[in-house]
Amino acid sequence: MAFIKTIPPQEAEGKLKEIYDADLKTLGYVASGTMTLSLRPEVYAAWENLLKTIRSKMRLRRYELVTLVTAGALHCTY
């Protein structure tokens, strides 16, 4: 298992704090995927922008189906 350095929510500042606060507001916690990119909040913002762009061209149901099929093809259990 790989371990990466992350910035815990109580130490977040600036843009990262804004990102963490958004997770807390919508999810009630800071998602592990969000913390994975905590050292590079600009990369997280670019990733979110990419996802929004992809989703904007599809219905939600199709997006979810594509996500499930892709995860199955990759044998992802997450």
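Modeller: Happy to. By class, 13 nonpolar, 6 polar and 6 charged residues make up the lining of the largest pocket. Here Ala, Val, Leu, Ile, Met, Phe, Trp, Tyr, Cys and Pro count as nonpolar, Asp, Glu, Lys and Arg as charged, and the others, Gly among them, as polar.

Colleague: Before we go on, what should I keep in mind about the model?

Modeller: This is a predicted model, where local features need pLDDT of at least 70 and side-chain atom pairs count only at pLDDT 80 or more, while totals for chains, interfaces and linings use all residues. Residues are numbered from 1 along each chain as its sequence is written, and side-chain values use heavy atoms, with hydrogens and water left out.

Colleague: Okay, back to the largest pocket: how much space lies in it?

Modeller: About 590 Å³. That volume is the space filled by probe spheres set on grid points, which are joined across faces, edges and corners. A pocket, on a 1 Å grid over the protein atoms alone, is an open set of points with protein on both sides within 12 Å along at least five of seven lines; a cavity is a set where a 1.4 Å probe fits but cannot get out, and lining residues have an atom within 4 Å of a point.

Colleague: Which residues lie nearest the centre of the largest pocket?

Modeller: Tyr44, Trp47, Glu48, Leu51 and Arg55, out of 25 lining residues.

Colleague: And which helix gives the most to that lining?

Modeller: Helix 3, with 8 residues. Helix 1, helix 2 (32–36), helix 3 (41–56) and helix 4 (60–73) each supply at least two residues of the lining. The helices are DSSP runs (H or I, at least four residues), numbered from the N terminus.

Colleague: Switching to charges: how many salt bridges does the count come to?

Modeller: The count comes to 3, taking a salt bridge as a side-chain nitrogen of Lys or Arg within 4 Å of a carboxyl oxygen of Asp or Glu. The side chain of Glu18 meets that of Lys15 at 3.9 Å, N to O, Asp21 pairs with Lys17 at 3.3 Å, and Arg40 pairs with Glu42 at 2.6 Å.

Colleague: How accessible are Arg40 and Glu42?

Modeller: Arg40 has 47% relative accessibility, so it counts as partly exposed, and Glu42 is partly exposed too, at 46%. The cut-offs are under 20% relative accessible area for buried, over 50% for exposed and partly exposed in between, with a 1.4 Å probe and protein chains only. Lys17, at 40%, is also partly exposed, as is Asp21 at 35%.

Colleague: Last topic, the backbone: what is phi of His75 near?

Modeller: Phi of His75 is near 60°, a positive value in a residue other than glycine. Most residues other than glycine have a negative phi. His75 sits in the segment after helix 4 and counts as exposed, at 69% relative accessibility.

Colleague: How far is His75 from Leu16?

Modeller: Their C-alpha atoms are separated by 31 Å, with His75 and Leu16 59 residues apart along the chain. Leu16 lies in helix 1 and is buried, with a relative accessible area of 5%. Not counting residues up to four places away in sequence, Leu16 touches Ile7, Ser38 and Pro41.

Technical notes
Contact = heavy atoms within 4.5 Å.
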